[in-house]
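User: I am new to this structure and would like to know what lies behind the terms used for it. Please take me through them.

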Amino acid sequence: MACSISGNAFRCYSETLRFAPRQQQCGRVMPNHSPLFSFNSSPIISQTLGVSPPPVSRRRVPVFVPPHPLIKHWISVLRNDQTPCPIFKSAIAELGRLLMYEASREWLPTVVGEIMSPMGAASVEFIDPREPIAVVPILRAGLALAEHASTVLPANKIYHLGISRDEETLLPSVYLNKLPDEFPDNSRVFLVDPMLATGGTIIAAMDLLKERGLSVQQIKVICAVAAPPALSKLNEKYPGLHVYTGIIDPEVNEKGFIIPGLGDAGDRSFGT
């Protein structure tokens with residue numbers, strides 16, 4: 001059973017939602033265990049806790065909320081207004097590690113071969129070091145969420161992108177851009193921004209990546225908390241983009257903060 005919410009209407013359908021067909025690598029197909037919400041331009045939210053939703057339409061942004069208990073634990077630690085800065089920073093880094101692990105499932109290129117173990121020959125499979133993997137944290141809070149990227153993603157490069165938000169207009173402004181002029185062919189990029197609230201920052205970052213030759217199929221967004229305004233904007237401009245988040249909160253207030261959210265992720269991570 002799949003259900004959707006549109007305005008005040010709640011509808012359920014007998015047909016089970018299924019994930020889009022997965023790419024097969026090395027003779028294996030791995031199941032996807034993440035609940036999926038897909039935002040369309042209405043916006044309508046569809047959810048399934050089964051294994052597979054339908055192929056994502058051109059007008060939808062699939063949003064994955066992995067049901068791992070550790071993800072729920074770290075979100076709870078981050079929400080607590082009594083959590084001190086060092087614990088908050090450690091918690092958001094652990095959350096980022098888990099989300100990047102989930103996002104990289106079946107997405108990273110591999111090579112197969114044979115090596116000698118101490119007990120004999122063994123067939124092996126490694127991440128292909130020839131295929132470029134990049135992490136783009138949006139400063140400054142993105143640094144904390146992406147802190148453990150190198151422990152999850154072998155041979156990755158990190159490109160820093162600084163975007164601030166005007167507290168009155170809520171419009172984004174780029175103050176640091178360390179992106180390459182053009183990304184190598186076949187690049188896979190993890191765009192890391194803890195809070196997807198109004199959507200201005202993430203749209204500005206996506207624009208910069210697109211200008212450098214990347215398609216939505218080459219990018220995955222990693223965030224701690226997402227809200228409908230940002231997801232709707234991504235859906236309108238970048239349908240098909242995959243978003244991985246710890247939780248989806250219902251609203252954004254007049255100051256651009258997610259409610260209930262977890263406050264200012266940068267301030268709480270660095271204590272300034």
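Analyst: The answers below set values from this predicted model against the cut-offs behind the terms.

User: What makes up the secondary structure of the protein?

Analyst: The protein has seven helices and 17 strands. Of its 272 residues, 47% are buried.

User: Why is Pro109 called buried?

Analyst: Buried means under 20% relative accessible area. Pro109 has 11% relative accessibility, so Pro109 counts as buried. Pro109 sits in the loop between α2 (85-103) and β6 (110-117).

User: Which residues does Pro109 touch, not counting those up to four places away in sequence?

Analyst: They are Phe126, Ile127, Asp128, Glu131 and Arg188. The C-alpha atoms of Pro109 and Pro132 are separated by 9.4 Å, and these two residues are 23 apart along the chain.

User: What share of contacts between residues at least 6 apart in sequence joins residues at least 24 apart?

Analyst: In this protein the share is 65%.

User: What makes a group of residues a nonpolar core, and which residues have the most contacts inside the largest one?

Analyst: The residues must be buried, belong to the nonpolar types, and be joined through side-chain atoms within 4.5 Å. The largest such core has 37 residues, and those with the most contacts inside it are Leu95, Leu153, Phe190, Ile222 and Leu262. At least two residues each come from α1 (69-79), α2, β8 (133-139), α3 (141-145), α4 (149-152), β12 (188-192) and β14 (219-226). Helix α2 supplies the largest share, eight residues. A second, separate core has 32 residues, including Val63, Ile219, Leu234 and Tyr238.

User: What does Leu262 contact, leaving aside neighbours within four places in sequence?

Analyst: Leu262 is in contact with Leu78, Arg79, Phe88, Met195, Ala224, Val225 and Arg268.

User: How do you know whether α5 and α6 are roughly parallel or roughly antiparallel?

Analyst: The angle decides. Helix α5 (residues 200-211) and helix α6 (residues 228-237) pack at about 30 degrees, with their axes 9 Å apart. Angles under 35 degrees count as roughly parallel, so α5 is roughly parallel to α6. The crossing of α5 over α6 is right-handed. Gly200, Ile202, Ile203, Met206 and Asp207 of α5 meet Lys233, Leu234 and Lys237 of α6 in this contact.

User: Which peptide bonds are called cis here, and what is their omega?

Analyst: The bond from Leu139 to Arg140 is cis, with omega near 0 degrees. Arg140 lies in the loop between β8 and α3. Ile259 and Pro260 are also joined by a cis peptide bond, with omega about 0 degrees. Pro260 is in the loop between β17 (258-259) and α7 (265-270).

User: Is Glu106 buried or exposed, and where is it placed?

Analyst: Glu106 has a relative accessible area of 17%, and the cut-off for buried is under 20%, so Glu106 is buried. Its place is in the loop between α2 and β6.

How values were computed: Residues are numbered from 1 along each chain as its sequence is written. This is a predicted model: local features need pLDDT of at least 70, side-chain atom pairs count only at pLDDT 80 or more; totals for chains, interfaces and linings use all residues. Side-chain values use heavy atoms; hydrogens and water are left out. Helices (H or I, at least four residues) and strands (E, at least two) are DSSP runs, numbered from the N terminus. Buried means under 20% relative accessible area, exposed over 50%, partly exposed in between (1.4 Å probe, protein chains only). Contact means heavy atoms within 4.5 Å. Axes are lines fitted to C-alpha atoms, for helices over the stretch in contact, and angles run from 0 to 180 degrees between N-to-C directions. Angles under 35 degrees count as roughly parallel, over 145 as roughly antiparallel, 65 to 115 as roughly perpendicular and the rest as oblique. A crossing is left-handed if the near helix is turned anticlockwise from the far one by less than a right angle, and right-handed if clockwise.
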